[in-house]
Amino acid sequence: MKYYIVIPTYNEEQFIALTLQSLADQTVLPSKVIVVNDNSTDSTPEIVLAFAEKYPWISLVTKNSSAVHLPGSKVIQAFQKGLESIDEDYDLIVKVDSDLIFPTNYFETIIQHFNSDSSIGMVGGFCYIEKNGEWILENLTDKDHIRGALKAYRKATFKQIGGLRAQMGWDTVDELLCKFYNWKVVTNESLHVKHLKPTGANYNKTARYKQGEAFYTLGYGFIITAIASLKLALRKGKPLLFLDYLLGFWKAKLANKPMLVTDEQAKFIRKYRLQKMKNKLFQ
């Protein structure tokens, strides 16, 4: 299976070489890697160009946008810019972050999953962060969820879900729409990917409100939002984030923010989320 990778990047001179080298060391190489340099002010583009000279399947695309980092919008707009520069001759499209180190068998294993079952639409491993000299699971989500840092999609799945939405919640709505269209989402716990910069390191107060807004635009409704907000705040070890998330939800509701999903999809999502919660309660 041919896979293309798109890497949105902004000021990642510290990590981008490690990410690209881990891709160059894969047992099954990507057919294309597009690095989208989104207005970096450091040596990120020069590092990427040095890799592109050595590996012809790596290329650099330039995008100029605001330096303001809000989760979802900036990174997916850069991803979309990368998509514009690729052809349709691929089986899998992969969005990865520019601060990851992949094990050498990562994409060989991902491809094996896709080949094993034609109804599998998405596959991913797990992110690990360094803490006190050890690499531990970055435990922000359930183990059946693929982190936004490393999303691999079957081409047909990617097309059917309408690609990625350029706002926070994109890396949840993609999986929910997979399930809506009866695609399977597979995670592989044996694939440990080093995440060199913990999630949310650059997020500010506005970004925290964005999480609650994302829950609203996903069609969760207040009860599911409250439960999801509490769970996420506790996982992050910052209980007061719960209030930020709820405030973000109500701000979005009062402003009548556009939804990420249709009414039919929102109804499916609420039913799916409630069933998952019930399953956990009665396990």
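Helix α8 gives the largest share of a nonpolar surface patch, three residues. The model you are looking at is predicted, so local features need pLDDT of at least 70 and side-chain atom pairs count only at pLDDT 80 or more, while totals for chains, interfaces and linings use all residues. Residues are numbered from 1 along each chain as its sequence is written, and side-chain values use heavy atoms, with hydrogens and water left out.

The patch consists of Phe222, Ile223, Ile227, Trp250 and Leu254, which together have about 540 Å² of accessible area. The elements giving two or more residues to it are α8 (221-235) and α9. To join a patch, a residue needs over 30% relative accessible area and no salt bridge; nonpolar side chains (Val, Leu, Ile, Met, Phe, Trp, Tyr) are joined within 5 Å, and like charges within 9 Å. Areas come from the Shrake-Rupley method with a 1.4 Å probe, and for residues only the protein chains shown count as cover. Helices here are DSSP runs of H or I with at least four residues, strands are runs of E with at least two, and both are numbered from the N terminus.

The cut-offs are under 20% for buried and over 50% for exposed, with partly exposed in between.

UniProt, in an unreviewed entry, places a "transmembrane region" at residues 214-234. Such annotations may be inferred rather than shown by experiment. In the model, residues 214-234 are 86% helix and 0% strand, and the end C-alpha atoms lie 18 Å apart.

Helix α9 (residues 241-254) has 14 residues and reaches 20 Å from its first C-alpha to its last, close to the expected 20 Å. That expected span is 1.5 Å times one less than the number of residues. The buried residues of α9 include Leu241, Tyr245 and Phe249. After α9 comes Asn256, with a positive phi near 55 degrees.

**A covered strand**

Now turn to strand β8 (residues 150-154), where five of five residues are buried. In a regular strand the side chains alternate between the two faces of the sheet. Here both faces are covered: Leu150, Ala152 and Arg154 lie on one side, and Lys151 and Tyr153 on the other. Two strands pair if DSSP finds at least two bridges between them. Strand β4 (residues 92-96) pairs with β8 in the antiparallel sense over five bridges, and Leu92 stands opposite Arg154. Strand β6 (residues 120-131) also runs antiparallel to β8, joined by two bridges, with Met122 opposite Tyr153.

**Salt bridges**

Side chains of opposite charge can pair when their charged atoms come close. A salt bridge is counted when a side-chain nitrogen of Lys or Arg is within 4 Å of a carboxyl oxygen of Asp or Glu.

| Pair | N to O distance |
|---|---|
| Lys2 and Asp89 | 2.6 Å |
| Lys74 and Asp38 | 3.1 Å |
| Asp144 and Lys276 | 2.9 Å |

The Asp144 and Lys276 pair links distant parts of the chain, the loop between β7 (134-137) and β8 with helix α10, 132 residues apart. Asp144 counts as partly exposed because its relative accessibility is 33%, whereas Lys276, at 16%, counts as buried.

Notes: Buried < 20%, exposed > 50% of the residue type's maximum accessible area, 1.4 Å probe, protein only.
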